[in-house]
Amino acid sequence: MTELVSTTPGLYPLPDWAKRDLEELKGHQKHDLIDGTEGAEITGVYEEAREEVVTQQLDAGLDLVVEGQLRWDDMLAHPLAVADAVDTRGIVRYYNNNNFYREPVVTDDLEASGDVAAELEAAAEITAEHESDADLAAVLPGPYTLADLATDEHYGDEAEFVDAVAAFLADEAEQFPDVAHLTLLEPSLVEAAPGEGLDERASQAIDTVATAIDAEVAVQPVYGALDERVYAHLLDADIDAVGFDLVSDHDANVYNAQEYGATDDVLLGLVDGRNTLVESADTIRERVEWFQEQTPAADYGRIYATANTDLFFLPTNRFGEKLEALGAAAATTEVEA
Amino acid sequence: MTKEQFRPEDHPNDHFLMTTVVGSYPKPKWLNRVRERCHHQEDVDQVELEPVDEETLAEAEDDAARLITKEHERAGLDVVVDGEMRRTEMVEYFAERIEGYEFNGPVKVWGHNYFDKPSVVSEVEYGEQWLVDEYEFTSEVADRPVKVPITGPYTLARWVFNEHYETTADLANDLAELVNEEVEKLVDAGARYIQIDEPALAQHEDDHAIVGEALERVVEDLPEDVRIGLHVCYGDYSRIYPEILEFPVDEFDLELANGDFEQVDVFKEPEFTADLAMGVLDAHVAEVESVEEIKENIKKGLEIVPPEQLVVSPDCGVKLLPRNAAYQKLENMVQAAREVEAELDAGEIDVLQAPASADD
């Protein structure tokens, strides 16, 4: 029997009241964005908003709860944007979306800031107060993605830079409180696929981060399917679950699973993070069953049912409805293999 | 159509680097307050402020449009707009007037900048008029030529949640019909300078054919004396150049200052055959660029095109800047353009040769 576990990638939309409050408190320009030194008033808004989205997930019945990364003004580039040895410069487009982030430029040796760990500590306090059965999951950018989103003016070599970013993320992860799960989001493995040699290095970099933490680790590619070569290398990393975006490109994703196999656990992007059409719980379960039917040779221990992308793209009403659909889909925790 | 038709009669220099803006400008705080009191009456009740009706809001928008048009003229711009005082955001404003869209709430663009991203839930149809009243009001109060920025069909199709159409191309094609209808109305009302805003193009470079087809429909049957610009921003231009030169437009308005002009070289080969409206001000930095700095930025445009093809503009709409910074930036930009013109007249700047006319 396969366990169905509902969760989401991080990076939630801010509650609408917090959007308004923070617009007033922080302003609209590049230099107004989070740099890790925000004062008590701004911190207070984020604390209240974090409480709201964690509670929202618990109410929706999600099995793995995330912190929501509401402070991540620069989306996945955030861990670098608040790190020393990094300058934030012009705004650049965030993949093929109508979203932008400050370009992080690495100018010296990277050192972990503990910023993400502090967010997780705060989320852990909230889940503890609720005495919920749900576990806490951490979310980080994968090392290849974070290196791809940044500009290197210090390490000088692309492979060396990916290694340095991996070591940086591993140091961040080592500071985390107890979490049951870590999802590494790797959109760049799809959008800017590593070439020959770097593909293997990207996989090793993931290994570096995954082995730094005592938790289940999943790697979730985003915005499509991995190139076959990249996928094959990714399976060599010491991870518990590999992800498939069944919304953007279900055929290419299932092809990879059929041709190369998969990890014992898999993570399925079943809910569209970039569209306001809300999937029903039945639709989500049908998609899980479809994937299992397409890969009959596999006997998955656990299937993570999640969204195919970050959810900050959505308005808050649809975001909430999608959380509830995921929670309801996994309410019966076992599905037939 | 050439920019010469917009040269002021008393222009001080032989060379003419037309100065303009992309479109949006910071709204006066009092306008935002009136808008809040009109659109969020439940919030207004909580703080015991008098709600206002649509008529009062319209009057406030007229006042703001007049004020900002004059502010643009005071900054010395050759071609002005009203700063888009009546518009909320470049997709939202139009989607509110097109049947087939619905709204679910604000979504993030960057930092703390959001827009009410609509969903397309049925076939799009022309609803209430979009911009003719805005144009007629602005041209009535302006002493300078007026440009009309209008969001293009591709961006109106891309920056939404599509819940109805099979493909983005299908939606963009239908929207192109509507944009064409509005452009024809604007031209009938006297508009001679229309800028199609297509920032979504820079994020989906593989779709340039869809954009090209939509633009062909947008400009179909327009008179020869109408100048059409295309604004594209924040992307890797090497992925859309030189293909964009095939588009049926007179001018490309491009963001270059934000990236420290690193993309200038993209446009040097093959030859840039249209007019270039060069982004010489960073729209996302409140620090005001000096006249000297802007002059150097303008000269980078002369590495791409000769003065006859150069227009000077900020990177993008400046609505997120503090208003005094926006004004000072524009004033410095105009002064920088005039000084570069004078230096061109004096032969102090080396320039590219104008491309030979096909008639020679």
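D253(B) counts as buried because its relative accessibility is 0% (buried means under 20% relative accessible area, with a 1.4 Å probe and protein chains only). The model is predicted: local features need pLDDT of at least 70, side-chain atom pairs count only at pLDDT 80 or more, and totals for chains, interfaces and linings use all residues. Residues are numbered from 1 along each chain as its sequence is written, and side-chain values use heavy atoms, without hydrogens and water.

**Surroundings of D253(B)**

- Strand β8 of chain B, residues 251-254, holds D253(B) (strands are DSSP runs of E, at least two residues, numbered from the N terminus).
- Beyond four places in sequence, the contacts of D253(B) include V22(B), L230(B), A277(B) and D315(B) (contact means heavy atoms within 4.5 Å).

**Interface of chain B and chain A**

- In chain B, 32 residues are in contact with 34 residues of chain A.
- About 2,900 Å² is buried between the two chains, 50% of it from carbon and sulfur atoms (accessible area lost on being put together, 1.4 Å probe, summed over both parts).
- K108(B), W110(B) and H112(B) supply 26% of the area that chain B buries against chain A, more than any other three residues.
- R318(A) forms a salt bridge with E102(B), with the closest N and O atoms 3.6 Å apart (a side-chain nitrogen of Lys or Arg within 4 Å of a carboxyl oxygen of Asp or Glu).
- β2(B) gives the most to the side of chain B that touches chain A, with eight residues.

Methods
Chains lettered and ligands numbered in written order. Helix = DSSP H or I, 4+ residues; strand = E, 2+ residues; numbered from the N terminus. Buried < 20%, exposed > 50% of the residue type's maximum accessible area, 1.4 Å probe, protein only.
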